[in-house]
Structure formats: structure tokens, C-alpha cells
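Reader: I've got a model open on my screen and I'd like to learn how to read it. Could you walk me through it?

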Amino acid sequence: MSTLRHYVMGWAGILGCFFFGNAVVAVTHIPLPPALIGLMTLLVFLIVRGRPAEAVALAGAPLLKHMSLLFVPAVLGVTLYWSDIQAHALALFVSIVITTIISLAITAISADKILRAKPEKPQ
């Protein structure tokens with residue numbers, strides 16, 4: 001019974017953040033997807049808590065396991081805008097390459113600083 005309670009509490013937390021994101025976008029008209037606002041809310045909650053919530057981890061595991069299926073609608077939706085993609089192909093290509101280089105550089109610099117700050121364990 002405890003596992004069922006954890007599933008229900010985890011799903012309530014995930015859906016609560018999702019609906020909170022919908023409410024925030026409806027009230028403030030922020031030009032961001034409601035699901036993104038909900039994910040950021042969940043992230044802040046987990047950071048403030050300091051450790052992953054067991055219920056959220058248990059409820060989110062099936063979603064993470066089958067995440068590739070969740071991207072199918074987005075990928076298929078790209079075909080609706082194929083003419084726009086072709087019209088702006090160079091700008092899209094340049095922006096994707098530049099942002100990828102920037103994100104890789106930031107990741108490398110962050111990883112380097114984290115690894116240098118970590119004390120070495122004696123062997």
C-alpha cells in the first residue's frame with residue numbers, strides 16, 4: 001500500500017507543477033510553454049528540498065524510461081513548418097551550431113572547475 005501511496009503522491013506533485021505552470025501562463029501571459037514553467041517549478045522544489053523526493057522519482061521513472069516516445073509529437077510537428085524551416089535554413093543552422101558550441105564550452109568550463117575543486121581521495 002505504501003508504494004501505491006508514493007505513486008499517487010508523486011503523480012500529484014508532477015501534475016500539480018504542470019497545472020501550476022498552466023495557471024501562471026494563463027494569468028501572466030508569459031511567452032513560455034506552461035510545461036516549462038511547471039518543470040522549472042519542480043526543479044526549484046527539488047533544489048530547495050536538497051534531495052530527490054522518493055515519490056516523484058518513483059512516479060517519474062516510467063516517463064524517463066520511455067522519454068523517446070514523448071518526443072514523437074514534437075518531431076512530427078516539425079513537418080507542419082517545413083516551408084519556414086527551408087526558408088530560414090541558414091539562420092537555423094548557424095544558430096544551432098553557435099549555441100551548441102557555447103553550451104559545450106560552458107559545460108567543459110563548469111566540469112573543469114568542479115573537478116579541480118573536488119579534493120582527491122588518498123589511494
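Author: We'll go from the whole chain down to single residues. This is a predicted model, where local features need pLDDT of at least 70, side-chain atom pairs count only at pLDDT 80 or more, and totals for chains, interfaces and linings use all residues. Residues are numbered from 1 along each chain as its sequence is written, and side-chain values use heavy atoms, with hydrogens and water left out.

Reader: Fine. How many helices and strands does the protein chain have?

Author: Elements here are DSSP runs, numbered from the N terminus: helices are H or I with at least four residues, strands are E with at least two. The protein chain has 7 helices and 0 strands, so, by that definition, the order from the N terminus reads α-α-α-α-α-α-α.

Reader: What does the radius of gyration say about the protein chain?

Author: You take it over C-alpha atoms and hold it against a globule rule, 2.2 Å times the number of residues to the power 0.38. For 123 residues, a compact globule would come out near 14 Å, but this chain has 20 Å. Its C-alpha atoms fill a box of roughly 55 × 50 × 30 Å along the principal axes.

Reader: And how much of the protein chain is buried?

Author: Buried means under 20% relative accessible area, exposed over 50%, and partly exposed in between (1.4 Å probe, protein chains only). Buried residues make up 11% of the 123 residues.

Reader: Which residues form the largest nonpolar core?

Author: In soluble globular proteins, nonpolar side chains tend to be buried together. A nonpolar core is a set of buried Ala, Val, Leu, Ile, Met, Phe, Trp, Tyr and Cys residues joined through side-chain atoms within 4.5 Å. The largest one here has 6 residues: Ile14, Cys17, Leu42, Ala53, Val56 and Ala59. Take Ala59: leaving aside residues up to four places away in sequence, Ala59 touches Tyr7, Gly10, Trp11 and Ile14, where contact means heavy atoms within 4.5 Å.

Reader: What is the phi of His29?

Author: Most residues other than glycine have a negative phi, and most peptide bonds are trans. His29 has a positive phi of about 60° although it is not a glycine. You'll find His29 in the loop between H1 and helix H2 (34-49), and it is exposed, at 64% relative accessible area.

Reader: Where do Ile85 and Val75 sit?

Author: Ile85 lies in helix H6 (residues 82-87) and is partly exposed, with a relative accessible area of 25%. Beyond residues up to four places away in sequence, Ile85 touches Val78 and Leu92. Val75 belongs to helix H5 (residues 72-77) and is exposed at 56%. Val75 and Ser2 are 73 residues apart along the chain, with 38 Å between their C-alpha atoms.
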